[in-house]
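The sequence and the structure are shown first.

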Amino acid sequence: MNEIQRMITALSAGEPLQHEDWLRLIADASEDDRRFSRDLACKRAQARFGRRVFFRGIIEFTNYCKNDCYYCGIRCSNRCLSRYRLTEDEILSCCEEGYRLGYRTFVLQGGEDGWWTDEKITALVRRIRAQYPDCAITLSIGEKSREAYQAFFDAGADRYLLRHETANEAHYAKIHPARQTLSNRTRCLRDLKDIGYQTGAGMMIGAPYQTAETLAQDMEFLADLRPEMVGMGPFLPHRDTPFRDFPHGSAELTLYLLSLVRLLLPFSVPSPLSAFEVIPTARVQETSGGTVLAFVEDNGASVDFPT
């Protein structure tokens, strides 16, 4: 067993890692080391979840957004995008169909759309909770005030997804406009945890200007926050953003980091994102942390993403 594998074993045993340890795990791991991590993570996941697969019904209810994140296709500066917004009744219809199909978690996801005020979201959550008391309600609608998060929670929301994107302040400033700050993003995540949500953080892998150093800080942030969910996927350049010419992120690195997250947070749900589907030539043949079973053909022809 080499030094990298000893650090992976220590992580699996619950021992805290130092920044230099994370940096080495990210920068220096060989393919054998990654396989070692994957195998440990698979055993950990199967011990925790067995062979069960959990499906989430995602309702993308608006692509309007006030923000201008440089990597995002629904950024407010994108004039090429056809915008849409579902009504409350249309969202309830999606829930009805999802329930009929067997879904017991509804994820309401959208941009930070000013038409959907905090009061409207609260009323919507209350309606869904009343009609589907046996379902979990997850929100993924961006940065809000603590008071808004509390109102959503009191209305019946259980979970909230808000990727931190990067824990490095300088890196955050390179991929967001100045009015969006890492301090506010982390404030939101702390508020969500404090209120009692099952909280999800996470980041893109291979984002522009990302380094092994920033990824090490991300892992330290996750170790401190202890989120119940971690959303992680490879960066995909969007043609209508300033980052259109940057290369996509690595599926292999993403899956390796997912395995480290499984060892770091054994009771969390690391969730790989659908970006895996469209990365050309990515071939992922075995599970990473027990959360992904993906075999990605050149055109994304066969992918399964159970969480």
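## Overall architecture

The protein has 10 helices and 9 strands. The model is a predicted one. Of its 307 residues, 51% count as buried. The accessible surface of the protein comes to about 14,100 Å², and carbon and sulfur atoms account for 50% of that area.

Among contacts with a separation of 6 or more, 70% join residues 24 or more positions apart.

## Nonpolar cores

The largest nonpolar core contains 61 residues, of which I128, L139 and F152 touch the most other members. Helix α10 (residues 251–264) gives the most to this core, contributing 9 residues. Apart from it lies another core, of 7 residues, including I175, M204, A207 and F243. In soluble globular proteins, nonpolar side chains tend to be buried together.

The surroundings of L139 can be listed individually. With neighbours within four places in sequence left aside, L139 is in contact with L108, I121, V125, F152, A157, R159, Y160 and L161.

## Helix α4

Helix α4 spans residues 88–100 and has 13 residues. From first C-alpha to last, α4 reaches 19 Å, close to the 18 Å expected at 1.5 Å a residue. Helix α4 is followed by G102, whose phi is positive, near 105°.

The buried residues of α4 are I91, L92, C95 and G98. Viewed down the helix axis, these buried residues fall within an arc of 120°, so they line one face of α4. They pack against β1 (57–62), β2 (105–110) and α5 (118–131). The face turned away from this buried side carries the exposed residues D89, E96 and R100.

Notes
Residues are numbered from 1 along each chain as its sequence is written. This is a predicted model: local features need pLDDT of at least 70, side-chain atom pairs count only at pLDDT 80 or more; totals for chains, interfaces and linings use all residues. Side-chain values use heavy atoms; hydrogens and water are left out. A nonpolar core is a set of buried Ala, Val, Leu, Ile, Met, Phe, Trp, Tyr and Cys residues joined through side-chain atoms within 4.5 Å. Buried means under 20% relative accessible area, exposed over 50%, partly exposed in between (1.4 Å probe, protein chains only). Helices (H or I, at least four residues) and strands (E, at least two) are DSSP runs, numbered from the N terminus. Contact means heavy atoms within 4.5 Å. Accessible areas come from the Shrake-Rupley method with a 1.4 Å probe; for residues, only the protein chains shown count as cover. The expected span of a helix is 1.5 Å times one less than its number of residues. The arc is that of the directions from the helix axis to the C-beta atoms.
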